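Please read it alongside the sequence and the coordinates.

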Amino acid sequence: MKIAVVGATGMVGQIMLKVLAERDFPITDLYPVASERSVGKKMEFKGKEYEVIGLQTAVALKPDIALFSAGGETSLEWAPKFAENGTTVIDNSSAWRMDETKKLVIPEINASNLTKEDKIIANPNCSTIQLLMALKPLHDKFKIKRVVVSTYQSITGTGVKAVEQLENEFNGEKGEMAYPYPIHKNALPHCDVFQDNGYTKEEMKLTNETKKILGDDSVLLSATAIRIPVVGGHSEAVNVEFENDFDEAEIRKILSQFPGITVQDNPETNTYPMPIYAEGKDDVFVGRIRRDYSQPNTLNMWVVADNLRKGAATNTVQIAEYLIENKLV
Ligand code: 2RA
């Protein structure tokens, strides 16, 4: 397979290359693609040296699949150019997620909807992916009525500048600010930009993408997205009300049996998911599973995942693997 990685020099792009190598993805030709200022840079992949190329050059090479993590503007302009040239694009930006002609895919949930005609496929937002991995199997069994979720998001979701801001603040040094306030010893109720309705774009992504992936506009969701000074992954406190009552043991069994989920849940041994241990792994970790006794048919749980892996790079690569396995490219 001829594979382009667009945004290859970025944080997610680098993790995509790492995941491609780890999973021994069937690559005959690799095209690391980045902005003009990075063209000509050298990078190593599986012991071989590659030169970064520009977008126009990459389109002309007609890769079979292009894995994008280069921001919404680049995706809006260049994904169609790749697609018109026969390349299947899997995009990590928010550019195509709510486009009704594009599919929003978590392989364990809805990859079976994909066809050869899907030439631009959207990867959901990181906080959506881990949430839906936990919600989907429960929705199928108990029908979700309403979700209230608070996220505790890693600074790696913002990018390198945020990681550098935390390091500088930890070391008592001045530096460029990724956030309007210090992040060291702090929590910012502010991920992405505020909308007119008082919610941030990050919070509305959870609301809108959840409905699209479940294919059910009746599902209600209210989110608060918080940035905290951790690097290993995103954590989410999830309160979910079902149309129907449930049995806790059955909840655990359903989650344990869902591919890509690991249940870590035993208060007697202080067993629960934490970002420090989720980092570098591809599973979504679920714990603190307990009935919400304040209202009927309602459950609390805690969901943690590496936002750069299952939340972005690994989910993208898994979609590409599905396309190959099902001869859709
Ligand atoms: C964040 N989910 O964490 C967003 C973008 N990666 O900032």
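Buried here means under 20% relative accessible area, exposed means over 50%, and partly exposed is what falls in between (1.4 Å probe, protein chains only). By that scale K161, with a relative accessible area of 37%, is partly exposed. This is a predicted model, in which local features need pLDDT of at least 70 and side-chain atom pairs count only at pLDDT 80 or more, while totals for chains, interfaces and linings use all residues. Residues are numbered from 1 along each chain as its sequence is written, and side-chain values use heavy atoms, with hydrogens and water left out.

A salt bridge is a side-chain nitrogen of Lys or Arg within 4 Å of a carboxyl oxygen of Asp or Glu, and the search of the whole structure finds 20 of them.

| Pair | N to O distance |
|---|---|
| K103 and D118 | 2.8 Å |
| K205 and E202 | 3.7 Å |

Helices (H or I, at least four residues) and strands (E, at least two) are DSSP runs numbered from the N terminus. K161 lies in helix α6 (residues 160–170) and E176 in the loop between α6 and α7 (201–214), so this pair ties together parts 15 residues apart in sequence; E176 is exposed, at 57% relative accessibility. K205 and E202, by contrast, both lie in helix α7, three residues apart, or about one turn of the helix. K205 is buried at 16% relative accessibility, as is E202 at 6%. Salt bridges with shared partners also join K18, E22, D282 and R309 into one network.
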